[in-house]
Amino acid sequence: MTMQRRQLLAAGSAFALGAFAAGAAHAQGSWPDRPIRFIVPFPSGGGTDISSRLVAEKLTTANKWVVVVDNKPGAAGNIGLDAVAKAAPDGYTLGMGQATNLAINPSLYSKLPFDPLKDFTAIAQVATQPIVIAVRNESLWRTLADFLKAAKEKPGAVGLAQAGNGTVGHLAGELLARRAGVTVLQVPYKGAGPAMTDLLGGQVDVYFGSSVSVMPQLKGGKVRALAVTSAQRLPALPQVPTVAESGYPGFDASTWLGVVGPAGLPADIVTRLNTEIVKLVKTKDVQEKLAFEGAIPITGSPKQCDAQIRAEHAKWGALIREAKIKLD
């Protein structure tokens, strides 16, 4: 091979490698170059939806991205999360995971369309939300004891609304009924919005809902809080006692929110999303809005988000098996 030919081949190889490197850098740096679909597995108006829209709005304004919220309710959040699990791992489909579909449902249902520990990439924690036990403002029940007394006097007659089978509200209601030795009529809805509508309309007697879904009506004087299910009182509702304080020591049942993507999401995209979500959750504006709605902001790395999912999966699974609760 002549010297000239070797030089031409070397130059061509260098050009090809340079072009490949430039192309790879461009491909990596161009994300996102189209709208990001953010799946919320519950209807609009509920606690998960409110917090999800806040995250989507801040990601859009802070980064000039286009983040489109897509509500896909049904099956206690399983339908929406299944759509996330089956999406291409390219960073253009994300979802708001929570205790219900990632930690509780796997033990309540004998079969799910996805594996919560294998089919998702944990990205970032967002907030935790205790359950608020609420009644209409016109209700004669003033305390948790009043509600449980009525349930004991009329077994199966007190209608308990919750945002869907398998939600933390559903499970908290079941566990409290077992602890108190009462029987209630569980009334599942396809989300917090419809459940609250029926509570206000008098179709059900009490609502076990996330703090975010209850706070607007609570602040408007349309509902009254009997208790919260967290271990400690909610800062936004310091006057409302916990279930534990109301005669059931150790009772603790809170939901939480975390952004997830399909399994196999590229590490650089996960890091970028985590950085931006942690940044927005730490802003004064978001912290104040979450607190106003009754949520407690939380942040952490993708590993911490994954660890929370796994820890909660084990915790709720143990409680469900002990209480022998099944939905199918």
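Which residues line the second largest cavity? I began my notebook with this point, working on a predicted model.

**Entry 1: the second largest cavity**

I looked up the lining and found Pro116, Leu117, Phe120, Ala122, Asp306, Ile309 and Arg310. H11 gives the most, with three residues. I recorded a volume of about 40 Å³ for this cavity. Sorted by class, its lining has five nonpolar residues, no polar ones and two charged ones.

I next followed two names from the lining, Asp306 and Arg310. Their side chains meet in a salt bridge, with 2.9 Å from N to O. I noted that both residues lie in helix H11 (residues 302-323), four residues apart, which means a separation of about one helical turn. I asked how exposed each partner is. Aspartate 306 has a relative accessibility of 28% and so counts as partly exposed. Arginine 310 has a relative accessible area of 38% and is partly exposed.

**Entry 2: other salt bridges**

How many salt bridges does the structure hold? I found a count of twelve.

I looked up aspartate 285 and lysine 289, whose closest N and O atoms are 3.6 Å apart in a salt bridge. Both belong to helix H10 (residues 284-292), with four residues, about one turn of the helix, between their positions. Aspartate 285 is partly exposed, at 31% relative accessibility. Lysine 289 is partly exposed, at 34%. I also recorded that Lys58 joins Asp285 and Lys289 in a network of salt bridges.

I then turned to lysine 86 and aspartate 82, whose side chains form a salt bridge of 2.5 Å, N to O. Is each of these residues buried or exposed? Lysine 86 is exposed, with a relative accessible area of 57%. Aspartate 82 has a relative accessibility of 17%; the limit for a buried residue is under 20%, so aspartate 82 counts as buried.

**Entry 3: the largest cavity**

I counted the cavities of 30 Å³ or more and recorded two. The largest cavity has a volume of about 200 Å³. Its lining is made up of 20 residues, and those nearest its centre are Thr48, Gln98, Ala163, Thr167 and Ser210. I checked the elements again: H2, strand S4 (120-136), H6 and strand S7 (206-210) each supply at least two lining residues. S7 gives the most, with four. By class I noted seven nonpolar residues, 13 polar residues and no charged residues.

**Entry 4: the largest pocket**

I looked up the largest pocket, which holds about 250 Å³ of space. Among the residues that line this pocket are Arg178, Arg179, Asp252 and Glu322. Leu175, Pro249, Phe251 and Leu319 are also included in the lining. Helix H6 (168-180) and H11 are the elements that give two or more residues to this lining. Its classes are six nonpolar, one polar and four charged residues.

**Entry 5: aromatic pairs**

I recorded five aromatic pairs in the structure. In one of them, tryptophan 31 and tryptophan 65 are edge-to-face, at 5.3 Å centre to centre and with 65° between the planes. An angle over 60 degrees counts as edge-to-face, which means that this pair falls in that class. Where in the chain do the two tryptophans lie? Tryptophan 31 is in the loop between helix H1 (3-29) and strand S1 (36-40), and tryptophan 65 is in the loop between helix H2 (47-63) and strand S2 (67-71). The pair thus links distant parts of the chain, 34 residues apart. Both tryptophans are buried.

I next looked up tryptophan 141 and phenylalanine 147, a tilted pair at 5.6 Å centre to centre with 45° between the planes. Tryptophan 141 and phenylalanine 147 are each buried.

**Entry 6: a cluster and charges over rings**

I noted that Trp31 and Trp65 form one aromatic cluster together with Tyr92. Which residue lies over the face of tyrosine 92? I found arginine 34 there, at 3.7 Å from the ring centre. I recorded a further case at phenylalanine 292, where lysine 219 lies over the face of the ring, at 4.2 Å from its centre.

Note on methods. Residues are numbered from 1 along each chain as its sequence is written. This is a predicted model: local features need pLDDT of at least 70, side-chain atom pairs count only at pLDDT 80 or more; totals for chains, interfaces and linings use all residues. Side-chain values use heavy atoms; hydrogens and water are left out. Rings of Phe, Tyr and Trp (its six-membered ring) pair if their centres lie within 6.5 Å; planes under 30 degrees apart count as stacked, over 60 as edge-to-face and the rest as tilted. Buried means under 20% relative accessible area, exposed over 50%, partly exposed in between (1.4 Å probe, protein chains only). A charge sits over a ring if NZ of Lys or CZ of Arg is within 6 Å of the ring centre and within 35 degrees of the ring normal. A salt bridge is a side-chain nitrogen of Lys or Arg within 4 Å of a carboxyl oxygen of Asp or Glu. On a 1 Å grid over the protein atoms alone, a cavity is a set of points where a 1.4 Å probe fits but cannot get out, and a pocket is an open set with protein on both sides within 12 Å along at least five of seven lines; lining residues have an atom within 4 Å of a point. Grid points are joined across faces, edges and corners, and a volume is the space filled by probe spheres set on the points. Ala, Val, Leu, Ile, Met, Phe, Trp, Tyr, Cys and Pro count as nonpolar, Asp, Glu, Lys and Arg as charged, and the others, Gly among them, as polar.
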